[in-house]
Amino acid sequence: MRFKVFKNTVLFSIIFGIILIVISCAGKAGSDKSDNGSEIKEQHFDRLSVTISTQKDIIVGANQTESYLSLLQGKRVGIVANQTSILKLSRQSVVEHDKIVDSEYHLVDYLNSNKSINVVKVFSPEHGFRGKADAGELVEDGKDKKTGLPIFSLHGKHKKPSDALLQDLDIVVFDIQDVGVRFYTYISTLHYVMEACAENNIPLLILDRPNPNGSYVDGPVLEKQHRSFLGMHTIPLVHGMTIGEYAKMINGEHWLNNGVQCNITVIPIKNYSHNSRYSLPVRPSPNLPNDQSITLYPSLGLFEGTNINAGRGTEFQFQRYGAPFLDSLEYKFTYTPKPNFGSKYPKHDGKRCFGVDLSNTKVEKTFTLKYVLDAYHNAIDKSKVFNTDNFTKHAGTEKLQQQIEAGLSETEIRKTWSKDLEHFKTIRSKYLIYD
C-alpha cells in the first residue's frame, strides 16, 4: 500500500512539474533578441507554446553566429556562397498551433541586413548563386535582385577572383555545401579563393558543413599530369573531408601557387563526426536532388566522362544509367531523357535508353566500379562508351579506362590504387578536425 501511494505521489509530482514548465514557456507579445543582438521578428501566441530543445543536433558553422559575427563587424566583406548557404538564428523551434516556426535565412541576406557589417559583393561557384545553372555551364556576372549586391562568377571567364575584385575587401567568407567527391568543383573554387586571398593578404573565414560522403576514402588518386578544374590535387576520387578540413590540407601541403598559405579561420561543426548521418536540407546542385543521388554520385559520376546518361534529363538524376546502345535484351528498364531543370541538353535527348534504375535500391555509402563495368560489358558497341579525355579528367588517370577495356575486374583494378590510397590517408589524418 505504501509503495502504491509512493508511486502515485511521484507520478503526480512529475505531471505537476511538466505543467509548470509548459506554463513558463507560455507565449508573450513583444520582440526578443537573439544571442547575437539581432532583432527577431515579433511573434504572438494565442495559447501555450513549447520550446523543443535540439542541443544534440548537428550545428553547422553558419548557425554559430556568436562565433563569427564579431570577426566581420566593421569590415568590408565578400561572400562565396550559393543556394546551400542557409543558416538558422537558433537551434530551437517553437510549436505554434501545431506548426513548426523556424528562423531560416540565406547567409548573404542575413549578413547584409546587419548594419555593423558591410557586405560589398558576392562570389558564385558552378551552378550560380541561386544554383540553377547546368553542370559545366558558364555563369555570368550579375546583380542579386533581392539585395542589389553585385555577383561575380567563379565559373565563367575567371575561376579565380582577380586582385582588382579583392582590393575593396577586408575579409572573405566561404560557405558552400560540398559532397566529398574530387570532380565536384566546389573544392576547386575553394582552392582558387584561398590562393587569391593569400596573394592579397586577405583572411578567409570558412563556415564548415558536414560531408554527406565523409565516412570513407576511396577511388583512384589523381595523377598530376591530369590536373583540371575537375581535379586539382593528388587526392582520391572520394576524399572523406569537410570543406574546413580540406582547406587546412591545401594550406598544409602547400598546394597553392608558389606555396603561399592562406590565413584561414574555420568555424567547425558542433556535434559532428565523420560517421554522423546528415541529410542535406538543400540541393547542393540541380542534379543532386536527394540522399540517394548523393550516395550514388561518387560511383555514377564517372558516367559524366562517358556517352552513357546518368539520369540527367529525368527526375532521377544519378539514380539510374542507360543509353540507346546498351543491350535491350539485358536491360528491361528504359527511360527517355528530356530537357528539364538543371539539364538543358541531356545526353540522348528524346531517345529511348536501356539501363538500370537504382532509385529504390538500398545503397551503402561506398564507391564502386560495378555500374561502369556493367554498362561497358553490356554495350553493343563498346567504342561508343568512353569520351576518353573527359573520362580521364573525372577518373584522374588514363589507367582506369585502359583497365576497364582490358577486362580487369573491380578487385584487380582496386589493387592498383591501394598504395596511393593509403599514402593519402596518412596525409589526410594530419588535417582532420572531426573523429
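**Close-up views of the predicted model**

**View 1. The surroundings of Gly214.** Leaving aside residues up to four places away in sequence, Gly214 touches Gly240, His274 and Arg428, where contact means heavy atoms within 4.5 Å. The model is predicted, and local features need pLDDT of at least 70, side-chain atom pairs count only at pLDDT 80 or more, while totals for chains, interfaces and linings use all residues. Residues are numbered from 1 along each chain as its sequence is written, and side-chain values use heavy atoms, with hydrogens and water left out. Gly214 is placed in the loop between strand 13 (204–207) and strand 14 (218–221); helices (H or I, at least four residues) and strands (E, at least two) are DSSP runs numbered from the N terminus. With a relative accessible area of 1%, Gly214 is buried (buried is under 20% relative accessible area, exposed over 50%, partly exposed in between, with a 1.4 Å probe and protein chains only). The C-alpha atom of Gly214 is separated by 6.3 Å from that of Gly180, a residue 34 places away along the chain.

**View 2. An aromatic cluster that includes Tyr184, Tyr297 and Phe318.** Rings of Phe, Tyr and Trp (its six-membered ring) pair if their centres lie within 6.5 Å, and planes under 30 degrees apart count as stacked, over 60 as edge-to-face and the rest as tilted. The count by this rule comes to 14 aromatic pairs. One of them is the edge-to-face pair of Tyr184 and Tyr297, with 5.5 Å from centre to centre and 75° between the planes. Because Tyr184 lies in the loop between strand 12 (171–175) and helix 5 (186–199) and Tyr297 in helix 7 (residues 291–300), this pair ties together parts that are 113 residues apart in sequence. Tyr184 counts as buried at 5% relative accessibility, and Tyr297 counts as buried at 7%. Tyr297 also forms an edge-to-face pair with Phe318, at 5.0 Å centre to centre and with 85° between the planes. That pair links distant parts of the chain, 21 residues apart, with Tyr297 in helix 7 and Phe318 in the loop between helix 7 and strand 17 (320–323). Phe318 is buried, its relative accessible area being 1%. Phe183, Tyr184, Tyr186, Tyr297 and Phe318 form one aromatic cluster.

View 3. Strand 12 and strand 13 run parallel and are joined by three bridges, and Val172 stands opposite Leu204 in strand 13.

**View 4. The buried face of helix 2 (residues 65–72).** The buried residues of helix 2 are Thr65, Tyr68, Leu69 and Leu72. Seen down the helix axis, these residues fall within an arc of 115°, so they line one face of helix 2 (the arc is that of the directions from the helix axis to the C-beta atoms). Their cover includes strand 4, strand 5 (86–88), helix 3 (107–112), strand 12, strand 13 and strand 16. Just after helix 2, Gly74 takes a positive phi of about 75°.

**View 5. Strand 17 and the charge over Tyr335.** Strand 17 is covered on both faces, with Arg320 and Gly322 buried on one side and Tyr321 and Ala323 buried on the other. Strand 17 pairs in the antiparallel sense with strand 19 (residues 353–357) over four bridges, and the bridge partner of Gly322 in strand 19 is Gly355. Arg320 lies over the face of Tyr335, at 4.9 Å from the ring centre; a charge sits over a ring if NZ of Lys or CZ of Arg is within 6 Å of the ring centre and within 35 degrees of the ring normal. Lys159 lies over the face of Phe229, at 5.2 Å from the ring centre.

Terms used
Pairing = 2+ DSSP bridges.
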